[in-house]
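Dear colleague,

Please find below the structure that I am handing over to you.

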Amino acid sequence: TYQASMDALLERNKQQFASKWQNKLLGHMPPCNKASACFPPNKGMYTHIAATRMYTYRVLWIDMVLPEPDRDSGSVRTLTMLKLLLGMRCHVSIVSVQKSGMGRHERYTRMLQFLGVHVIPEFKMLKSFTVREPYDFIVVARRDTFAAAREILHKHYPNTLTVQDTVDLHFMREIARRKFISDHSNEPSLLEDIFGDEKVRSRLSNESEHTRLRELELDSIEASSVAIVVSETERVALRSEARSDGRDVPEIVVVANAHEPQPRTTTPYKERNGLVFVGNFNHLPNRDAVIYFAKQVLPRLLRVARVRNDPGFVFHVAGANKIPPSILALNNTVHDGIVRVIVHGFVPSLRPLYSQMRISVAPLRWGAGVKGKVNTAHQLGVPVVCTSIAVDGMHATHGEHVLLGDTPEDLAASVLDAYYN
């Protein structure tokens, strides 16, 4: 039969290959007939070690979803770190707890495989990979990923060094969020626009839930050999928070946002019009930033005659994921017969949009971490006007790296200064 012929050819070729390369193979791994590890159930592990013997380290990266670099800045950082590991001759495997919908998981799988990353198809397969793929260290990205992977790591990889990549310190963002909700408790319509119904707001501001999540995040840090944060500010905060609980503090290192070099946009100043905000709409501080700018800063700008008479002065909003109704309602906002707000939604490539813009704005009022929207604008050569929160941990100086404004009046003044200068 055809199958029998193929089996015979495979066996013949196997013998010829082993005969031709036997001297080389002797230096790779102990031969099977001498290595107890070469028999089930360890044969898969033996084969994997042999196949990856030329790599410096074998690394497993665990995340909630595969990196989506065209949709959020955290994914840009993750993808760059994966590329750096590959460049250091590491064998990199990645697995996600969940799969993104709309065919995205498959698309990002192909992207990672093209780069040389081994994508493990299912999270549950990690249990069986214990005897198939040994790792020198495991990177767990984000607190919620640790919660999902904790049992598997403790049971199946108890002796493997783990690294916790915080991406940003969630407990810091959640403290800021609870304060924001408290400070704006007399503005129920604003809170509804940002957070949705009362049940969501109640859950997000619940102190016991915040305590539980904070404990989980500190558990993930304490269980790791190394913790990664994105700024020196967060390193100090994490060390202080852990010590206040009497916890052991692992080595904490700073790996800030990482972007590959790109040429700046070159459109002349006089051919540019408009200002842009870019942000993932699932991220609640981004929702607030858009509403804050559209309702409190833009009206102040439009009182200035030069702005009012400039039809190109338009606030552009771009970002991935479902657009909340409160932001979608801002689309095509008209003032004196001129459209002043355009909500683009998801933009696959930001370069064409930034090439048209005079400035980028980041009017964030709360949050944590290092903001990728600021990095991206700088990377593409577009000036940034923002709040202090937007550049927290970035060592940015007003008038040199950015223009700052922490009130609607100051933000509007900085926008005018940058836009017409």
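**Findings: the sheet and its helices**

Strands β1 and β2 pair in the parallel sense over seven bridges; two strands count as paired if DSSP finds at least two bridges between them. Helices (H or I, at least four residues) and strands (E, at least two) are DSSP runs, numbered from the N terminus. The model is predicted, so to speak of local features pLDDT of at least 70 is needed, side-chain atom pairs count only at pLDDT 80 or more, and totals for chains, interfaces and linings use all residues. Residues are numbered from 1 along each chain as its sequence is written, and side-chain values use heavy atoms, with hydrogens and water left out.

Seven of the seven residues of β2 are buried, so β2 is largely enclosed by the rest of the structure. Here buried means under 20% relative accessible area, exposed over 50%, and partly exposed in between (1.4 Å probe, protein chains only). Cys90, Val92, Ile94 and Ser96 point one way from β2, while His91, Ser93 and Val95 point the other way. Cysteine 90 counts as buried because its relative accessibility is 2%.

The sheet as a whole is open and has seven strands, in the order β3-β2-β1-β4-β5-β6-β7, with parallel pairing. Its edge strands, β3 (118-119) and β7 (251-254), each pair on one side only. Further in, β4 (residues 137-141) and β5 (residues 161-165) pair in the parallel sense over five bridges, and phenylalanine 137 stands opposite leucine 161 in β5.

Turning to the helices, α4 (residues 73-87) has 15 residues and reaches 21 Å from its first C-alpha to its last. That is close to the 21 Å expected at 1.5 Å a residue, the expected span being 1.5 Å times one less than the number of residues. Among the buried residues of α4 are Gly74, Val76 and Leu85. The cover over the buried residues of α4 includes β1 (57-63), β2 (90-96) and α5 (104-115), where contact means heavy atoms within 4.5 Å.

Helices α8 (residues 170-183) and α9 (residues 188-195) pack at an angle of about 145°, with their axes 10 Å apart. Axes are lines fitted to C-alpha atoms, for helices over the stretch in contact, and angles run from 0 to 180 degrees between N-to-C directions. Arg177, Phe180 and Ile181 in α8 meet Leu190, Leu191, Ile194 and Phe195 in α9.

Yours sincerely
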